Each structure stands twice: as structure tokens, then as C-alpha cells.
Amino acid sequence: MALYDTLFSQLDITSAQLLVTDNDFRDKDFRNQLSETVKSLLALKVIPIFNENDAVSTRRAPYEDSSGIFWDNDSLAALLALELKADLLVLLSDVEGLYSGPPSDPKSKLIHTYIKERHQGEITFGDKSRVGRGGMTAKVKAAVYAADAGIPVVITSGYAAENIIKVLQGECIGTLFHHDAHLWAAVREVGAREMAIAARESSRRLQAMSSHDRKKILLDIADALEANEKLINTENEADILAAQQAGYEKSLIARLALKPGKISSLANSVRVLANMEDPIGCILKKTELADGLVLEKTSSPLGVLLIVFESRPEALVQIASLAIRSGNGLLLKGGKEANRSNAILHKIITGAIPDSVGKKVVGLVTSREEIPDLLKLDDVIDLVIPRGSNKLVSQIKNSTKIPVLGHADGICHVYIDKSANMDMAKQIVLDAKVDYPAACNAMETLLVHKDLILTEGVNELIVDLRIEGVTLYGGPRASTLLNIPEARSFHHEYNSLACTVEIVDDVYAAINHIHQHGSAHTDCVIAEDLEVAEVFLHQVDSAAVFHNASTRFCDGARFGLGAEVGISTSRIHARGPVGVEGLLTTRWILRGCGQVVNGDKGLVYTHKDLTN
């Protein structure tokens with residue numbers, strides 16, 4: 001109590017110890033007076049600290065006798081929460097919360113929400129505390145008791161700084177016990193699966209529509225986006241303000257913002273997509289296997305896509321329109337920082353989808369659906385495309401059986417050869433770095449031929465980059481010669497107004513550098529020597545390789561794809577900006593007139609190509 005008095009006095013608050021016994025709670029008058037006493041103390045800025053009065057306790061032995069209405073501090077806390085009709089009970093422990101097994105066991109996982117029906121028989125408790133009567137077992141028993149009576153309970157660590165404040169602010173820490181937890185679990189586990197199944201069923205109805213009707217859906221979406229531009233921008237501005245107040249990084253806020261003219265640009269991209277040739281059911285190859293037996297290889301939707309994306313709300317529009325054009329069902333899981341932008345865009349898009357298809361063809365997964373739960377649905381989701389940070393993409397790749405399409409890094413290079421036109425080089429480099437620094441196709445490393453160092457052209461380029469606010473870091477050679485700080489690593493994506501500069505001996509050294517430190521995204525050579533350019537274009541093993549053009553051109557809309565679901569650095573299925581074609585697979589359709597194999601007796605195979 002002396003310690004409590006000292007600590008609370010620093011906050012101009014007094015503490016008072018209230019000693020109670022088990023028998024006190026059997027007294028109806030005591031229980032009636034309890035609430036009024038606590039209210040009076042709090043009004044006087046006095047914090048009541050309850051404890052059992054061991055001096056008059058009827059227990060046979062402290063820490064051993066668990067009889068009575070309460071039997072330890074945890075059960076006393078639960079009892080008091082009920083008597084005082086508390087809004088919340090926080091039980092502090094020496095671990096982060098309730099684990100599926102002993103916290104020291106690496107296989108044990110923190111349980112964020114306790115569901116009695118599921119967890120009661122699954123949890124293995126470790127040894128109880130050396131001081132006290134029950135350890136975590138007692139805390140869980142008390143928490144279940146209070147939660148069943150309607151008092152939410154959170155068990156969390158008492159050692160972590162500001163944990164109580166974090167609980168009050170609604171952060172997901174510790175373990176929550178709640179009377180309705182079983183209902184939440186049902187929504188989370190069944191909801192994602194039902195959404196995926198509904199998306200697949202709706203996508204089949206979408207595929208059955210005529211090409212003209214699918215086109216009309218996209219044109220209606222484009223019109224709806226422009227008609228609701230003011231509302232979209234209002235919601236987006238609210239997201240940006242919330243992100244700024246939450247202290248998010250500037251690069252994330254830059255990706256979150258819908259710049260002026262962005263909605264019109266998105267609408268136009270959707271119209272371009274609508275006016276493209278119908279990608280579904282195209283005959284890619286036609287072969288006569290034998291007389292009267294014709295085989296067709298046709299384009300077909302993949303099925304159900306799960307797109308997990310951070311920050312960029314425009315990604316929702318691009319992905320949804322591509323899914324509709326390609327006849328795929330879609331589940332979207334956006335970042336919480338763009339909740340309002342994503343919600344209004346999803347509402348507008350699905351509002352333009354006719355009931356004959358069903359609005360569930362595009363599902364927006366919201367708060368209670370966690371990414372790990374979605375990634376387990378390998379039987380109903382056919383492809384995952386993550387769009388976001390290196391950490392997000394890597395986590396998804398490492399935690400699902402579903403095929404993943406995407407890239408973890410966007411470490412793009414520009415190499416200036418000694419034959420380069422320096423006026424052109426300055427324009428390209430500045431555009432590649434400054435046009436949109438947070439984009440994955442922005443230049444992160446500038447490689448310069450050794451013969452150009454300290455020339456007037458390179459010096460002017462360095463000055464121009466600094467004028468634009470670009471912070472320069474150097475490799476071992478460049479940092480010395482250009483007097484700039486040395487970069488910590490060549491394999492680094494800044495996503496901001498910063499880049500690495502290094503000096504290389506020739507085009508072959510540039511190629512080796514890119515292969516060693518790049519991410520196989522987009523790389524560019526600036527050269528007038530066509531032989532050098534061809535060497536670079538054919539030997540750099542990246543998804544996109546450019547000659548005398550900014551890396552910022554690596555974009556689905558700029559490539560004429562209408563839109564993109566992302567940029568893939570994979571070597572299987574799709575590579576580079578992924579448009580409609582990347583969301584298709586193939587089917588085989590065989591047309592015959594009664595043929596059977598029968599050991600291939602009497603059947604003459606012709607394998608004649610009928611494609612053209």
C-alpha cells in the first residue's frame with residue numbers, strides 16, 4: 001500500500017485499501033453499500049484497492065484453501081466487477097495473455113479471443129504461480145465467470161508499458177473473454193468460406209452472360225465512379241487524416257491518397273478494359289486428333305481470387321474490374337488504414353452489378369476476417385495476389401498452400417552507359433525517381449558508367465536530384481568519389497525520395513550488379529550504343545527491361561492492359577504487370593462423334609493443327 005500511495009500521489013490521486021472477507025459478500029447490506037462507497041471514493045479522486053482481510057479470514061491455509069464465494073485476487077476481481085456493474089475487467093499476468101499451451105512452449109499460440117466451446121478442452125496449462133492460489137487457471141476461471149455474466153474481460157501482461165491504456169483504446173492485445181465470443185467465431189470462420197463459395201457461384205453466372213452484358217457492367221461501374229467522385233474523395237480524405245493522426249509513414253500516406261483526377265483516370269481505365277476483346281472462351285489452339293475428333297484449348301477464368309492489399313484504394317477498382325472482365329470471383333482484403341475508401345468504392349462497384357449475377361461476385365472482407373484464416377481456404381480460393389510491403393508479401397508466401405502471384409520487392413535500377421545522351425538520361429532518371437517515389441516501379445538504384453563520373457552531365461544530374469529533394473546514398477565507390485553517405489545495403493527499397501548511386505565498369509558489371517542485388521522487377525539502360533542496349537535487354541533477367549525509357553512505364557494501364565492486379569516477378573504463369581490474361585487459365589474441350597479408345601485399335605491419329 002505504501003508503494004501504491006507513492007505512485008498514485010505523483011498523479012495527484014489518493015489510494016485507499018478496502019479489506020473484505022468472503023463473509024462480507026454474504027451480507028446483503030454490505031453488497032448494497034459497496035457500489036455507493038466506490039462511487040464516492042472515485043468522486044474524491046481516491047482509488048479503492050481491494051484485498052482479502054487475511055487477519056480475520058476463515059480459510060484454513062492461505063494459497064491452499066479455494067473455498068467460498070471468492071478464493072483469490074482473480075475471483076475477487078470478477079466478483080467485484082459484477083457487483084459494481086463494471087464496463088470492463090482487466091486481469092494482469094506475467095505473460096501476454098492466455099496461450100494454447102505453456103507459454104514457454106514454442107508451439108503454443110496466443111489466443112486473442114477465448115471461446116469456451118472450443119478452447120475449454122484444448123488448452124494445456126503450465127505450472128501455477130509460486131505465489132497465489134491458481135495462476136493462469138484461476139484467471140481463466142474468473143474471466144469465464146465474469147464474461148458469462150456480461151462483463152467483458154481482457155487478460156494481458158502487467159509488465160508491458162501502457163497495456164491498460166492499449167486495452168481501453170481497443171488494441172488487439174492479450175486475450176478477450178466476452179459473452180458473445182462464440183457468435184464472433186462463427187462469423188469469422190464461416191463468413192470467409194461462405195464469401196468464397198458465393199463468389200464462385202456468382203462468377204459462374206457472370207461467365208454465362210453474353211460478352212455485351214459483361215461489357216455493360218464495366219461501363220456502368222465507370223459511370224458510377226465518376227458520378228460519386230465527391231463522395232469517394234470525402235471518404236478518402238477521412239482515411240488520410242486518420243492515418244496522419246495515427247503517425248503512419250509518409251510513404252504509406254502517399255499511397256493511400258487519391259490524387260486529383262485519379263477517379264477520372266480509374267474510370268477511363270475501366271472503359272478501356274470494357275472495350276477490349278472478350279478474353280473468356282477464346283480458342284487458343286484447335287487440333288484434329290483423328291477423323292471427326294477435334295480438341296480445342298480455350299481460355300477460362302481461374303475461379304476465385306483473394307487479393308490482399310495495403311494502402312492503395314485505387315487497387316480495389318483495378319482489381320474488381322479485371323475480375324469482372326475475366327469472369328473471376330473476388331475476395332478483397334484491404335488495409336485498415338483505407339477502410340472508408342475501400343468501403344465506399346466497394347459499395348459503388350457492387351451497386352452497378354445486376355442481381356442476375358449477384359453482388360457477392362466481389363466480396364470485401366472486413367474487420368473480423370484475419371488474413372491467416374483466409375489463407376487456409378485452399379479448397380475454395382484459387383489464387384492469392386498480395387499487394388503491399390515486403391513484409392506482407394513474404395508473410396503470405398510463407399503461410400499458405402494457395403498459389404501466390406506477386407513480388408516482395410521493387411528494387412528497380414537505371415544504368416547510364418558511357419554512350420548515353422545525358423540530357424535524356426537526366427529526364428529519365430528524374431522521372432523514374434521523382435514522379436511517384438512510393439511506387440514499386442520507381443528507381444531505387446542508379447548505376448553510372450565509370451567514365452561518366454565527375455563529368456559535367458553527371459554532376460548536373462546529382463544537383464537536379466538534390467533540388468528535387470532526393471537523398472543520395474552511395475555504394476563503396478560512389479560514396480567516396482561523390483562524397484555522399486554509404487548505403488547500408490544495395491538490396492533496399494526506399495519507397496521515398498531517396499536512392500542509392502553506384503559506379504560500374506561497363507554494361508556487364510551493371511548486369512551482374514542487378515542480378516546480385518535486384519528483385520527482377522523493372523530495370524532500364526540509357527545508351528545510344530545499340531549493341532550495349534541489346535546486351536542489357538537480353539541478359540537482364542527481370543520481368544520488365546527497358547531501353548531509354550523510365551521504369552515508371554511498367555504499369556498495366558500504360559501497357560494497354562486496361563488495369564493490373566499487380567506486378568509479378570514470378571516465373572510461373574504470369575510475369576510483369578498482370579492484366580486480364582494473367583487471371584485466366586485454360587480448359588480442353590473435345591468434340592467427337594462416338595469415338596472410344598479401345599486400346600487405340602482401328603483409330604488413326606492425325607494431330608492436324610486447325611488453329612488458323
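Guide: What follows takes a few residues in turn. The model is predicted, so local features need pLDDT of at least 70 and side-chain atom pairs count only at pLDDT 80 or more, while totals for chains, interfaces and linings use all residues. Residues are numbered from 1 along each chain as its sequence is written, and side-chain values use heavy atoms, with hydrogens and water left out.

Visitor: Where is Asp278?
Guide: In the loop between helix 11 (262–274) and strand 7 (283–290); helices (H or I, at least four residues) and strands (E, at least two) are DSSP runs, numbered from the N terminus.

Visitor: Buried or exposed?
Guide: Asp278 is buried, at a relative accessible area of 15%. Buried means under 20%, exposed over 50%, partly exposed in between (1.4 Å probe, protein chains only).

Visitor: What does the side chain of Asp278 reach?
Guide: The backbone nitrogen of Ile280, at 3.2 Å. Leaving out residues up to four places away in sequence, Asp278 touches Ser211, Arg214 and Arg325; contact means heavy atoms within 4.5 Å.

Visitor: Different spot. Where is Ala543?
Guide: In the loop between helix 20 (530–539) and strand 18 (544–547). Ala543 is partly exposed, because its relative accessibility is 22%.

Visitor: Which residues is Ala543 in contact with?
Guide: Beyond neighbours within four places in sequence, Ala520, His521, Ser568, Arg575 and Gly576. Ala520 is 23 residues from Ala543 in sequence, with the C-alpha atoms 5.8 Å apart.

Visitor: And Leu88, where does that sit?
Guide: Leu88 is in the loop between helix 3 (73–83) and strand 3 (89–93), and counts as partly exposed at 30% relative accessibility.

Conventions: A polar contact is a pair of N or O atoms within 3.5 Å; within protein, one must be able to donate a hydrogen and the other to accept it, and residues adjacent in sequence count only if both atoms are side-chain atoms.
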